[in-house]
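Look over the model before reading on.

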Amino acid sequence: MAKRVLVPIADGTEEIEAACIIDTLRRAGAEVTVASVGKLQVTASRGVKLVADTLIVNCTSQTYDCIALPGGMPGAEHLRDSTELIAMLKKQKQAGRLYAAICASPAVALHPHGLLDGVKATCYPSMQSKLNPALASDERVVVDGNCVTSQGPGTAIEFALKLIEELYGPQKAKEVADPMLVTVR
C-alpha cells in the first residue's frame, strides 16, 4: 500500500531538498502531495519556480504517514509561520507518525514550536546553535523516534532514502538507491 507523504513548500524553499524528497519518495511508490503554505507557484531559494499540487489549507483534514519539510531561507520561516502546518505537525508528533525536516527547518520551523523537545536532531551547521545543545548532533541524518532530521542540500538524497527506510523498510530503500547509484548508509 502506498504511504501518504506531505511535502510543504514556500517562497524561499531550498529547491534541491524539495526535489530530492519528492522525487525519491515517489520512486518508492509513495503518494506525495506537495502543498504550498502561500500561493500555488513559489519561487525557491535560487529562483527556481516550483508549483504545488495544492495549498496547505486543503490538507488539514488529511492524515499522512509522513510530513517532510525541506529547508532553505526564508522558506523555513514561512513554514514556521503557517498555523495550519504547525497544527498538522503537532498532531503528527502526538500520533507517533513520522515527521521530518532538513537544513534550516529543524532549527527554524520545528524547534520554536516544541517539535524537537526531547528529540536528538541535526540541521544546517550554521543553525546548530539554535538547537538544544544536549540533543544537537553533527550527524548527516538523525532518526529519533518518529522524527528524522538532516543537514542540508548535500544530504538530501540520504535524508529521503532514510524516510523510505522508515516508511517501507531497508530493502525498499536499497531498491530505490541502487538505480540512482546511491549507497545506502
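This is a predicted model: local features need pLDDT of at least 70, side-chain atom pairs count only at pLDDT 80 or more; totals for chains, interfaces and linings use all residues.

Residues are numbered from 1 along each chain as its sequence is written, and side-chain values use heavy atoms, without hydrogens and water.

**Salt bridges**

- The structure holds 11 salt bridges (a side-chain nitrogen of Lys or Arg within 4 Å of a carboxyl oxygen of Asp or Glu).
- One of them joins Arg46 and Glu14 at 3.9 Å, N to O.
- That pair links distant parts of the chain, 32 residues apart.
- Arg46 is exposed at 63% relative accessible area, whereas Glu14 is buried at 6%; buried means under 20%, exposed over 50%, partly exposed in between (1.4 Å probe, protein chains only).
- Glu139 and Lys120 form another, at 2.7 Å, N to O.
- Both sit in the loop between helix 4 (105-110) and strand 8 (141-144), 19 residues apart.
- Glu139 is partly exposed at 36%, and Lys120 is partly exposed at 34%.

**Helix 6**

- Glu175 and Lys172 meet in a salt bridge at 3.9 Å, N to O.
- They lie three residues apart in helix 6 (residues 170-177), so about one helical turn separates them; helices (H or I, at least four residues) and strands (E, at least two) are DSSP runs, numbered from the N terminus.
- Glu175 is partly exposed at 44%, as is Lys172 at 26%.
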